[in-house]
There are 2 protein chains.
Amino acid sequence: MEDMTSSSPAPTPASRTRPDLATELRITVQRLSRRLRAESDPGDLGEAQFSVLAGLHHHGPSTPRAIAERESVQPPTMTRTLAYLEKAELVTRTDHPTDGRQVVIELTAAGADLVKETRRRRNHWMAQHLRGLSADERATLTDAVTILRRVMDL
Amino acid sequence: MEDMTSSSPAPTPASRTRPDLATELRITVQRLSRRLRAESDPGDLGEAQFSVLAGLHHHGPSTPRAIAERESVQPPTMTRTLAYLEKAELVTRTDHPTDGRQVVIELTAAGADLVKETRRRRNHWMAQHLRGLSADERATLTDAVTILRRVMDL
DNA sequence: TATTGTTATACTCTATAACTATA
DNA sequence: TATAGTTATAGAGTATAACAATA
């Protein structure tokens, strides 16, 4: 019980052409992104919050502006996210040593732990779905990730 | 001007191990999803709204519940999105012929046009980034989309 | 009782505009 | 002037809980 109105026998409508790669990729990425959110535990960090933490774990201490650019959001958005993370004691904020305008955001030990633990949990759903794949299929996905990162400048 | 604090010469921190495929894929999908949003025109439909319209274009008339399941959201979320789309005259709402509890949502002509036009515009940024790829690389991405759709049940 | 859909409410994520402080 | 960051404000997207109508 999840598709049509149950009175119409699925007469696939007007546009039943196969879209091009850009369309397919765009739609697939967005659907998968939404699905990943739907599968996340309640009480988890939000996606944006986790992504900031993971970025700090990977790149080390950064300024709010640098983080905003990495995350493709505007500075006020990052101000808000960082305020939350700081209040939760997952990051610290210190003045920049030489430039009084800047501040430096750094992961706390608790933040680093949370990255590792959350990553483990978040991977579970995806890893389960990946489990049945052949070596070839996994290689295709690995290559696709590499291509996307390069070409989309991710 | 976008990376470190400019005083530390990027001493990549603690965790410089290459994560597994599940992690890489998860992060890549979420970053790309955010980037796609950041590149969309202001005044555009939101992602969720467009996705509902595109789903109707592809699957034909559907009940709110069916759409909510397709989109991986809860029914109240879909109520809200559909109210917006109906007010904008992009979809119509009619009573189900035999089940008084259900309603049937259908694309209007304006809605169908908007799907086509928006799809064309939304593909632009992605298509540009895909343009330089070799035939092999494009084939890898096409295969990856097929695999993801199948295995993630998208 | 079970299902469909809505209303009420709240939280996350995002943006633009306008401001302060520093360079 | 230009840059880094914040505050104020608004809007989209999402969820859970509680409800009404229908099956």
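**Protein around DNA strand D**

Reader: What does the side chain of Thr79(A) do at DNA strand D?
Author: An N or O atom of that Thr79(A) side chain sits 2.7 Å from a phosphate oxygen of DNA strand D. Keep in mind that this is a predicted model.

Reader: And Thr77(B), how far is its side chain from a phosphate oxygen?
Author: The distance is 3.1 Å, from an N or O atom in the side chain of Thr77(B) to a phosphate oxygen of DNA strand D.

Reader: Which elements give two or more residues to that surface?
Author: From chain A, α1 (21-38), α3 (64-71) and α4 (75-87). From chain B, α2 (47-59) and α4 (75-87).

Reader: What part of Glu47(B) lies 3.2 Å from a phosphate oxygen, backbone or side chain?
Author: Backbone. The atom is a backbone N or O of Glu47(B), and the phosphate oxygen belongs to DNA strand D.

Reader: How do they split by class?
Author: The surface near DNA strand D has 9 charged, 9 polar and 7 nonpolar residues.

Reader: On the DNA side, what share of the atoms within 4 Å is sugar or phosphate?
Author: 65% of the DNA strand D atoms within 4 Å of the protein. The rest belong to bases.

Reader: New topic. Where is Gln30(A)?
Author: In helix α1 of chain A.

Reader: Why does Gln30(A) count as buried?
Author: Because its relative accessibility is 12%, and the cut-off for buried is under 20%.

Reader: Which residues does Gln30(A) touch, sequence neighbors aside?
Author: Leaving out residues up to four places away in sequence, Gln30(A) touches Ser33(B), Leu36(B) and Glu47(B).

Definitions and conventions
Residues are numbered from 1 along each chain as its sequence is written. Chains are lettered from A and ligands numbered from 1 in the order in which they are written. This is a predicted model: local features need pLDDT of at least 70, side-chain atom pairs count only at pLDDT 80 or more; totals for chains, interfaces and linings use all residues. Side-chain values use heavy atoms; hydrogens and water are left out. A residue is near a molecule or strand if one of its heavy atoms lies within 4 Å of it. A polar contact is a pair of N or O atoms within 3.5 Å; within protein, one must be able to donate a hydrogen and the other to accept it, and residues adjacent in sequence count only if both atoms are side-chain atoms. Helices (H or I, at least four residues) and strands (E, at least two) are DSSP runs, numbered from the N terminus. Ala, Val, Leu, Ile, Met, Phe, Trp, Tyr, Cys and Pro count as nonpolar, Asp, Glu, Lys and Arg as charged, and the others, Gly among them, as polar. Buried means under 20% relative accessible area, exposed over 50%, partly exposed in between (1.4 Å probe, protein chains only). Contact means heavy atoms within 4.5 Å.
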